[in-house]
Amino acid sequence: MPPVTPALEPLRRIAAYAVATDPHGRVLLVRASTRSGTPGVWSLPGGAVDHGEDPNHTVVRETAAETGLSVTVTGLRDVLADMRSLPHRGVTIHTDRLVYEVSVRGGNLIDRVGRPTDLARWHTLEEAQELRLRPFTAAALGLPAASADLRPEEAPDFPSFYAYPGPDGLHRAQRFAAYAIATDPRDRLLLTRIAPGYPGEGCWHLPGGGTDYGEQPGTALIRELVEETGQEGRLVELLGVASHRDAASLGPEGYPIDWHGVRAFYRVAVDAPTDVTVKDVGGSTDEACWMALSEVAELPADRLTEVTAEALKAAGLI
């Protein structure tokens, strides 16, 4: 009989990473130690976003811990996702990775013996190309690299909404989502309305939603656009990331949840708009429509969700 391979438990997490360069154009990388799942492999400094933590704070905190350097965030470089199997831990992890540009404020490089990353060093891009790099690091730096990760052949089943008991007795949920500032050739904005029973009910919201396990943010967004509004769109650019925590959100589950949402928002063009149709009947969206930007600007503040107002301001539309 062939050996039985134990099933790996699927997990999800959100993480933030730093792209730091020095005056010589070298990039800062950290090396995974023997305590990690990929010893000897190099990656950008960074790590998991704690529950309720703004990813901007994560990347500063993790870079200081892994390298000894103090940094400040100067911009958002990319958002991407990947799956990684860790049989020695019995898990497969989907990670949504936020990659930030940072500048160094001070500090000195440190070595961390016995920690998951043990070295931090500056490398030219030519030197980095010769290293074993994590795939997301190579992609962020525009370098080719053979995968150092063990990946599952297909995405495991994982619920789109997952809450777990927190240390304070409340259930917690951390969710990554992608949303669209979608406009048509007439400069109308596509909006959705949150259905009764969901947090923010009655407010206008951007089309989009949570990404599936193993799904890239851009792919998820175009899928959600069709499901929520019936519109076909194309990605134009990544505009930013918003982080919001509601410590006692109450939704259709019927009990309070300490909710932390991290949302990437993109500019999307709908070149051939059609009649808007909510195809996901019974979900969190009960109406969708095209709205002139002048009408959007006149909406009361309490009629727009927080992430919608933040995204529209970042895009210079309100």
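Biologist: Is Cys203 buried or exposed?
Modeller: This is a predicted model, where local features need pLDDT of at least 70, side-chain atom pairs count only at pLDDT 80 or more, and totals for chains, interfaces and linings use all residues. Residues are numbered from 1 along each chain as its sequence is written, and side-chain values use heavy atoms, without hydrogens or water. Cys203 has a relative accessible area of 14%. Buried means under 20%, exposed over 50% and partly exposed in between (1.4 Å probe, protein chains only), so Cys203 is buried.

Biologist: How many disulfides does the structure hold?
Modeller: A disulfide is a pair of cysteine sulfur atoms within 2.5 Å. The count for this structure is zero.

Biologist: Which strand holds Thr192?
Modeller: Thr192 is buried, at 1% relative accessibility. Its contacts (heavy atoms within 4.5 Å), leaving aside neighbours within four places in sequence, include Cys203, Trp204, Glu228 and Thr285. Strands (E, at least two residues) and helices (H or I, at least four) are DSSP runs, numbered from the N terminus. The run with Thr192 covers residues 188–194 and is S10.

Biologist: Where is Asp187 found?
Modeller: Most residues other than glycine have a negative phi. Asp187 has a positive phi, near 60 degrees. Its place is the loop between S9 and S10.

Biologist: What is the volume of the largest pocket?
Modeller: A pocket is an open set of points on a 1 Å grid over the protein atoms alone, where a 1.4 Å probe fits, with protein on both sides within 12 Å along at least five of seven lines. Points are joined across faces, edges and corners, and a volume is the space filled by probe spheres set on them. For the largest pocket it is about 960 Å³.

Biologist: Which residues are closest to the centre of the largest pocket?
Modeller: Lining residues have an atom within 4 Å of a point. The largest pocket has 36 of them. S9, S10, H4 and H6 are among the elements that each supply at least two. Closest to the centre are Arg175, Tyr179, Tyr198, Trp259 and Ser284.

Biologist: How many charged residues are in the lining of the largest pocket?
Modeller: Asp, Glu, Lys and Arg count as charged; Ala, Val, Leu, Ile, Met, Phe, Trp, Tyr, Cys and Pro as nonpolar; the others, Gly among them, as polar. This lining has ten nonpolar and 15 polar residues. The charged ones number eleven.

Biologist: Which strand gives the most to the lining of the second largest pocket?
Modeller: This pocket holds about 700 Å³ of space. Of its 33 lining residues, Arg13, Gly46, Glu66, Arg84 and Pro116 are the closest to its centre. By class, the lining has 13 nonpolar, nine polar and eleven charged residues. The top strand gives four residues and is S1.

Biologist: Which residues does UniProt list for "domain: Nudix hydrolase"?
Modeller: The entry is unreviewed. UniProt positions follow the numbering used here, names are shortened, and annotations may be inferred rather than shown by experiment. One listed span, 173–313, is 19% helix and 43% strand, with its end C-alpha atoms 27 Å apart. The record lists residues 10–146 and 173–313.

Biologist: Is Lys313 buried or exposed?
Modeller: Lys313 lies in helix H6, residues 306–314. Its relative accessible area is 59%, so Lys313 is exposed.
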